[in-house]
Amino acid sequence: MTVLLALEKVTRRFGPVTALDSVSLEAGEGEIVGLLGPSGSGKTTLLRLAGMLDCPTEGRILLEGEQMDAEGDRNLATRRKIAMILQKPVVFRGSVIRNATYGLRLRKVEAEEARARAMEALRDVGLDGMAGRAAHTLSGGEVQRLAFARAAVLRPKLLLLDEFTANLDPANITMLEKAVRRFRESGGTVVMVTHNLPQARRQADRVGLLLSGKLVETGPPQRFFDSPETKEAREFLNGTMVW
Ligand SMILES: Nc1ncnc2c1ncn2[C@@H]1O[C@H](COP(=O)(O)OP(=O)(O)OP(=O)(O)O)[C@@H](O)[C@H]1O
Ligand SMILES: [Mg+2]
């Protein structure tokens, strides 16, 4: 496995709170890593660090061997290898297609090509029929699908997903999960945070459990779900954990 993303003993403190505590984690090219953990365990903090929206207090993060530095402009090339879908996606003003071409326009991709790529990404999530609609008129599920298209159209190497199917009906979830698999089949790497355990089992090649900022167990989904090695993972999975 070629390592794409590597976290090396990453700690992130916010004042007295240690949101992440010496976490080491790798994601290989074409791998889907599922991150699980109770509310407040550090999942979004980890994704924000991997997405260069924040910097570790200690430790380092590498993408294709290059150390990330969220504060340096010289990291634009690294930044452009990453796309992130936030826990609560927003839409930009204007039409659906304009939302979908947004990142490509920033990257100065020629208009016709941007439009063609955006239409393809919208088709992947069943929104091509709504390309001309004002984005603010979309339903919640459609907004989440649009957020996916807006990220996937950039063809990032690393896609970071923060509960990207939360509050969606099964049909929307299936459509987005298919889109994730297509992304992975084209060689992309995914780190996905989810509270949906069956989804982690279905989608991830490897899962990791965060508790109070510590990565307590990682492993292939079948082993993790069927015979977790740690007491913490067993308690988390059978719902008896107290935190
Ligand atoms: N900017 C910040 N300032 C202060 N504390 C923060 C900040 N960001 C996160 N935290 C704290 O760090 C801890 C981890 O937060 P994080 O958002 O990573 O949790 P999470 O696992 O994503 O939870 P959820 O499942 O509820 O989304 C929490 O205690 C949170 O309050
Ligand atoms: Mg979160």
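How many nonpolar, polar and charged residues does the shell around ligand 1 have?

## The model and its numbering

This is a predicted model, in which local features need pLDDT of at least 70 and side-chain atom pairs count only at pLDDT 80 or more, while totals for chains, interfaces and linings use all residues. Residues are numbered from 1 along each chain as its sequence is written, and chains are lettered from A and ligands numbered from 1 in the order in which they are written.

## Around ligand 1

By class, the shell has three nonpolar, seven polar and one charged residues, where Ala, Val, Leu, Ile, Met, Phe, Trp, Tyr, Cys and Pro count as nonpolar, Asp, Glu, Lys and Arg as charged, and the others, Gly among them, as polar. Among the residues around ligand 1 are Phe-14, Val-17, Lys-43 and Thr-44, a residue being near if its C-beta atom, placed from the backbone, lies within 6 Å. Strand E2 (17-28) and helix H1 (43-50) each give two or more residues to this shell, and H1 provides the largest share, three residues; helices (H or I, at least four residues) and strands (E, at least two) are DSSP runs, numbered from the N terminus.

## The open sheet

Four strands form an open sheet in the order E2-E1-E4-E5, with antiparallel pairing, and two strands pair if DSSP finds at least two bridges between them. E2 and strand E5 (66-67) stand at the edges with a single partner strand each, so one side of each has no neighbour in the sheet. Strand E1 (residues 3-14) pairs with strand E4 (residues 58-63) over five bridges.
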